[in-house]
Amino acid sequence: MAISSKLPAVGTNIFSKMSALAAEKGAINLSQGFPDFKPDERLLTRASNALLEGNNQYSPMTGLPVLRDAIASLIARHYGRQVDSAEEVTVTSGASEAIFDAITALIQPGDEVVLFDPAYDLYEPAITLAGGVCQRMTLTAPDFRPDWQAFASLLTEKTRLVIINTPHNPTGSCWTEDDLASLWQAIKSQDVYVLSDEVYEFIHFGEQAVSVHKHPELRARSFVVSSFGKSFHLTGWKVGYVVAPTELTAELRKLHQYVTFCTATPLQQALAEHLQEIPESSAELAMFYQRKRDVLRNALANSRFTLLPCDGTYFQLLDYSAISDLDDVAFCEWLIDEVGVAAIPVSVFYQQAPQDQRLIRLCFAKEEHTLLEAAQKLSRL
């Protein structure tokens, strides 16, 4: 009997494909966004101790209280926002789960959701499964700034949610306070909510990253999603959290309790202790990754690639139009086969990428020698 797929257009995502090709061909993998270096040994020791000392049963569905308290302190320290750790903070099995839960909790069949393309590939399938309809606004190189007049024209009486992401994957761009103000002006008179994907919140290379946490009117209507995997180089731990007003949190938790119920207890315990004992660790992340960004950019300065601005995240976009007329998917496959470096084609983040755009994304969350070796190979082109 044939299965009627709920996601007929979805296959294996590009990140898995490129990582598999890189492994098969022995290429340097700058495609999928994961570090190739160890996280803080003190955090690993805390996790080991938590495993051995018996913290191995279910945690409360909403997260260990000690971790939710530590998250509330983190938000107060960075953003000056006071949140109720019991009613407004929920620990999830990665930011991906938080995003899925928020979309599923809020979106009814026929509701419209505005996405800014290029957009992370998780958003659309979750919207589709909830019966929602995506409305897309295209951001263009080199700065990927929102056109707020065009955004306002997308809003209808069916618009229910806007998904934003800053610092932005894949472009490395960061919104400004004016952008948040413009977003609020556009939606304030309508019944529209915001899902703010801020998983790269501490990886920014200018002044402190803009956050919905710092905008009182927006945060009253928003889910704000964060990731310990990104902040502590632990993508395999899959521990994230979402902060939202009490009424939104209550709806999200209805989903969360049946998706994962709770997140790995010893990992929560380790993160809580780490946040309590080394509160400055999150503040050090921007400089850590800025050094890696600069290593890669300097090593590619004399290459035939054009380097686009990178104001945040650990991703660098390269324009290869001076090198090849291949589309970006074909070019990335060619890079793996002929150059020995794996990258991500940026077109996969769009519903319809700008015509003749030739952009690829490199991840610089890697050891310096990895970045230099990859840059050396790319600079031969």
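Guide: Before we start, one definition: a residue counts as buried when its relative accessible area is under 20%. Also, the structure above is a predicted model.

Visitor: Good to know! Is T265 buried or exposed, then?

Guide: T265 has a relative accessible area of 9%, under the 20% cut-off, so T265 is buried.

Visitor: And where does T265 lie?

Guide: T265 lies in helix α11, which covers residues 265-277.

Visitor: Which residues does T265 touch?

Guide: Leaving out residues up to four places away in sequence, T265 touches N55, Q57, Y58, S59 and L64.

Visitor: How far apart are T265 and N55 in sequence and in space?

Guide: In sequence, T265 and N55 are 210 residues apart. In space, their C-alpha atoms are 6.2 Å apart.

Visitor: Let's stay with α11. At what angle do the axes of α2 and α11 cross?

Guide: Helix α2 (residues 41-52) and α11 cross at roughly 135°, and their axes come within 8 Å. The two helices are therefore oblique to each other.

Visitor: Is that crossing right-handed or left-handed?

Guide: α2 passes α11 in a right-handed crossing.

Visitor: Which residues meet there?

Guide: From α2 you have L43, R46, A47, A50 and L51. On the α11 side they meet P266, L267, Q269, A270, L271, E273, H274 and E277. Sorted by class, this contact of α2 with α11 has eight nonpolar, two polar and three charged residues.

Visitor: Nice. What about α3 and α11, at what angle do they cross?

Guide: Helix α3 (residues 65-79) crosses α11 at roughly 35°, with the axes coming within 8 Å. This crossing of α3 past α11 is left-handed.

Visitor: Which residues make that contact?

Guide: α3 brings V66, L67, A70 and L74, while α11 brings Q268, Q269, L271, A272, L275 and Q276. The contact of α3 with α11 counts seven nonpolar and three polar residues, with no charged ones.

Visitor: Switching topic: what is the strand order in the open sheet of four strands?

Guide: The order is β9-β10-β13-β12, and the pairing is antiparallel.

Visitor: Which strands stand at the edges?

Guide: Those are β9 (306-307) and β12 (344-345). Each has a single partner strand, so one side of each is left without a neighbour in the sheet.

Visitor: How many bridges link β10 and β13?

Guide: β10 (residues 315-319) and β13 (residues 359-363) pair over five bridges, in the antiparallel sense.

Visitor: Last one: what is the bridge partner of L318?

Guide: L318 has I360 in β13 as its bridge partner.

Note on methods
Residues are numbered from 1 along each chain as its sequence is written. This is a predicted model: local features need pLDDT of at least 70, side-chain atom pairs count only at pLDDT 80 or more; totals for chains, interfaces and linings use all residues. Side-chain values use heavy atoms; hydrogens and water are left out. Axes are lines fitted to C-alpha atoms, for helices over the stretch in contact, and angles run from 0 to 180 degrees between N-to-C directions. Angles under 35 degrees count as roughly parallel, over 145 as roughly antiparallel, 65 to 115 as roughly perpendicular and the rest as oblique. A crossing is left-handed if the near helix is turned anticlockwise from the far one by less than a right angle, and right-handed if clockwise. Contact means heavy atoms within 4.5 Å. Ala, Val, Leu, Ile, Met, Phe, Trp, Tyr, Cys and Pro count as nonpolar, Asp, Glu, Lys and Arg as charged, and the others, Gly among them, as polar. Two strands pair if DSSP finds at least two bridges between them. Buried means under 20% relative accessible area, exposed over 50%, partly exposed in between (1.4 Å probe, protein chains only).
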